[in-house]
Amino acid sequence: MVMYDYKEGKRRILEILNNKLTVNEQNSIPQETQFTFDNAYYGWVTAIFVDIRNSTKLFSEGDKEKVSKIIRSFTSEIIEILRKDENLREIGIRGDCVYAIYTTPFQLNIYSCYQKTFTINTYLYMLNALLATKNYPQIKVGIGMASDQELVVKAGRKTTAINNLVWIGKAVTKAAKLSSIANKEILEPICYSDLSYNNIIEILAKRLPDENVRSWFNKHSSLHLETYYSTRVIHPEFYEWITNGMKD
């Protein structure tokens, strides 16, 4: 048995607790390379989570090759949609969920994240149409997006490569929760936190003054999620291309 050196453990903990740590409060979160074990950042963040519905049933499908192709198709293009952004700070896969976290110091940054959510929603129409040609099962997802100020800390073991950024605040946790109820407890596939919605709607109202843009969203409220909004918004040109047969 490999023994844990608890005396050395005590020394390391005291070193962390006694060390001077600088928390930089600013609107944006820098690249991961700017983080050390002696600093932390507090700034505006937006997170997007895309969660597969009924994944247990899908994963229990007997044909393992088929399941592998479906999951790879799902993750590949969603990552492609999410990754193209200079404000991206983290992207990954947690089980049956793809997620991305962005620094969003300006309203337009939050709006850019909104565009990603409805592009993903439209992509699912394309994916399911292509899956249907192979007689593969269809996929449903819940998409959650939330914005807030978060404390971001590099955590792990200082002398090892085992470390990562930890996001402490409402944006990441709320986006994950919203993705878990969209297209499930809520009929619509996309859910936004109140703060995300308020920033989105301001820009939509300016860009489309003749449209009743607020009618695109349904307002909800719950004890653990507070106020949030759901929608079925799609990318119109992308969707039209799909419905017209996806011709090259």
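The model is predicted. Helix H4 (residues 107–133) packs with helix H7 (residues 236–243) at an angle of about 5°. Helix H3 (residues 64–83) has buried residues that line one face of the helix. Asn 135 and Met 246 are non-glycine residues with positive phi, at about 60° for Asn 135 and near 55° for Met 246.

**H4 against H7**

- The axes of H4 and H7 lie 9 Å apart, and the angle between the two helices is about 5°.
- Angles under 35 degrees count as roughly parallel, so H4 is roughly parallel to H7.
- H4 contributes Thr 119, Thr 122, Tyr 123, Tyr 125 and Met 126 to the contact.
- H7 contributes Phe 238, Tyr 239, Trp 241 and Ile 242.
- By class, this contact holds 7 nonpolar and 2 polar residues, and no charged ones.

**Helix H3**

- H3 has 20 residues, which at 1.5 Å a residue should span 28 Å.
- The end C-alpha atoms of H3 are 28 Å apart, so the model agrees with that expectation.
- The buried residues of H3 are Lys 66, Val 67, Ile 70, Phe 74, Thr 75, Ile 78, Ile 81 and Leu 82.
- Seen down the axis of H3, these buried residues fall within an arc of 150°, so they line one face.
- The face of H3 turned away from the buried side carries exposed Lys 64, Glu 65 and Arg 72.
- Strands E2 (39–52), E3 (88–94), E4 (97–103) and E5 (141–156) pack against the buried residues of H3.
- Helices H2 (55–59) and H4 also pack against those buried residues.

**Ala 171 in H5**

- Ala 171 lies in helix H5 (residues 170–181).
- Its relative accessible area is 0%; buried means under 20%, so Ala 171 is buried.
- Leaving out residues up to four places away in sequence, Ala 171 touches Val 45, Ala 47, Ala 146, Ser 147, Asp 148 and Glu 150.
- Ala 171 and Lys 184 are 13 residues apart along the chain, and their C-alpha atoms are separated by 21 Å.

- Most residues other than glycine have a negative phi.
- Asn 135 is not a glycine, yet its phi is positive, about 60°.
- Asn 135 lies in the loop between H4 and E5.
- The relative accessibility of Asn 135 is 68%, so Asn 135 counts as exposed.
- Met 246 also has a positive phi, near 55°.
- Met 246 lies in the segment after H7.

Notes. Residues numbered from 1 in each chain as written. Predicted model: local features only at pLDDT ≥ 70, side-chain atom pairs only at ≥ 80, totals over all residues. Heavy atoms only, no water. Axes fitted to C-alpha atoms, helices over the stretch in contact; angles between N-to-C directions. Helix = DSSP H or I, 4+ residues; strand = E, 2+ residues; numbered from the N terminus. Parallel < 35°, antiparallel > 145°, perpendicular 65-115°, else oblique. Contact = heavy atoms within 4.5 Å. Nonpolar A, V, L, I, M, F, W, Y, C, P; charged D, E, K, R; others polar. Expected span 1.5 Å × (residues − 1). Buried < 20%, exposed > 50% of the residue type's maximum accessible area, 1.4 Å probe, protein only. Arc of directions from axis to C-beta.
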